[in-house]
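Okay, thanks everyone for coming.

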Amino acid sequence: MEIKIKGFTFRLEFTFLLLLSFAVLYGYDSAVQLIVFSALHELGHIAALLLFGARPYLINLSFYGIALKYRKKLSNPKELLVLFCGPAVNLVLYAVFKNDINLALFLLNIFPAAPLDGGRMLRLIFPRAGLVITFLSLVLLLFLSLYLLFEYKIYSLLLITAYLIFFNFDDIRGLYEKKY
């Protein structure tokens, strides 16, 4: 479903609704908080964009989260600030409310793998070394997620890890083939 208003598109994908349905079905009580805090995270990005004279043209809600798109090319320092403002909102909300969801959103979003904010910041600062750091971070995350799966039956981190590996696969393969 898409809603367009004056050059701005809000897209709600079926996969997002499916994810919400599973959350409700399996009794995930914090699903509403997760959505609210994720929306506030994106508002942090939007506020920084507006500060630099850019504006988003798309907000997409899908199984993979909330994605914000904008066209204006920003300088690297401004881009870094825009990228950091989302996780910064979650960090401030965690400090104020001591809410574990905000801490989890902060830690997830600063993780050094694209398309997460941390991965995008890392590649802006260290384009080549960022790929190596992403690869090593994903290996560590895979081991951590497997440990959590086998020890505590927590599978959500493994799903996130699989998505991040899939998303970064071509870049990592290029690193292996020494294209960078």
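I'll go from the overall fold to the sheet and then to a few ring contacts.

First, the housekeeping. This is a predicted model, so to speak of local features we need pLDDT of at least 70, side-chain atom pairs count only at pLDDT 80 or more, and totals for chains, interfaces and linings use all residues. Residues are numbered from 1 along each chain as its sequence is written, and side-chain values use heavy atoms, with hydrogens and water left out.

So, the fold. We have seven helices and four strands, where helices (H or I, at least four residues) and strands (E, at least two) are DSSP runs numbered from the N terminus. Along the sequence the pattern reads β-β-α-α-β-β-α-α-α-α-α. The radius of gyration, taken over C-alpha atoms, is 17 Å, close to the 16 Å from the globule rule for 180 residues, so the protein is as compact as a globular protein of that length. That rule is 2.2 Å times the number of residues to the power 0.38. Buried residues, meaning under 20% relative accessible area with a 1.4 Å probe and protein chains only, make up 36% of the 180.

Now the sheet. The four strands form an open sheet in the order S1-S2-S3-S4, with mixed pairing; two strands pair if DSSP finds at least two bridges between them. S1 (2–5) and S4 (65–70) are the edge strands, each pairing on one side only.

On to the rings. Which aromatic pairs do we get? Rings of Phe, Tyr and Trp (its six-membered ring) pair if their centres lie within 6.5 Å; planes under 30 degrees apart are stacked, over 60 edge-to-face, and the rest tilted. That gives two aromatic pairs. Tyrosine 147 and tyrosine 152 are edge-to-face, 6.0 Å centre to centre with 80° between the planes. Tyrosine 163 and phenylalanine 167 are tilted, at 6.0 Å and 50°. Those two sit four residues apart in helix H7 (residues 156–176), so about one helical turn separates them. Tyrosine 163 is partly exposed at 21% relative accessible area, and phenylalanine 167 is partly exposed at 41%; partly exposed lies between buried and exposed, the latter being over 50%.

Last one: the charged end of arginine 71 sits over the ring of tyrosine 57, 3.8 Å from its centre. The rule there is NZ of Lys or CZ of Arg within 6 Å of the ring centre and within 35 degrees of the ring normal.
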